[in-house]
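Please open the model in your viewer and keep the sequence panel beside it.

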Amino acid sequence: MSTHPIGLTVPGTGRDPTGRLARRGEVEMETGIARKIDDLGRIVIPAETRRLFNIREGDHLFISVEGGSIILRKTTDTCTFCGSDTKVTQFKSKGLCSSCLTQLRS
């Protein structure tokens, strides 16, 4: 799986929460939302944010730490063999692109 940043920027700065310049297509959030962590360590991502970034139930998010920030990235399927993220299907919980599938069949 590869990761793609969810794409938040710090309002008015044009930079993401780590201080890097925002890339085209990233969304600037005007307000933040405070959420409590429950006793199992979970937080709820607001519905508006999930819709904005097309995050659905069952999607995987990659969690990392950069500097003093916690970063969430939505993961996309990639081919186990070549790393491609084009036309990837799942086979026994592994990503497989059409090109590698053709090679495996021959």
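Two strands are said to pair if DSSP finds at least two bridges between them. With that in mind, and remembering that this is a predicted model, select residues 61–66, which form strand β4, together with residues 69–76, which form strand β5. These strands run antiparallel and are joined by six bridges, and one place to look is V65 in β4, whose bridge partner in β5 is I70.

Next, move to the turn of this hairpin, where two residues lie between the strands and G67 takes a positive phi near 65°.

Now select S64, which is found in β4. Is S64 buried or exposed? With a relative accessible area of 14%, S64 counts as buried, because the cut-off for that class is under 20%. Show the side chains of S64 and R73, and you will find them joined by a polar contact of 3.1 Å. If neighbours within four places in sequence are set aside, the residues in contact with S64 are S69, I70, I71 and R73.

Finally, display the whole protein as a cartoon and follow the chain, which reads β-β-β-α-β-β-β-β-α along the sequence, with two helices and seven strands. Of its 106 residues, 20% count as buried. Among contacts in the protein with a separation of 6 or more, 27% are between residues 24 or more positions apart.

Conventions: Residues are numbered from 1 along each chain as its sequence is written. This is a predicted model: local features need pLDDT of at least 70, side-chain atom pairs count only at pLDDT 80 or more; totals for chains, interfaces and linings use all residues. Side-chain values use heavy atoms; hydrogens and water are left out. Helices (H or I, at least four residues) and strands (E, at least two) are DSSP runs, numbered from the N terminus. Buried means under 20% relative accessible area, exposed over 50%, partly exposed in between (1.4 Å probe, protein chains only). A polar contact is a pair of N or O atoms within 3.5 Å; within protein, one must be able to donate a hydrogen and the other to accept it, and residues adjacent in sequence count only if both atoms are side-chain atoms. Contact means heavy atoms within 4.5 Å.
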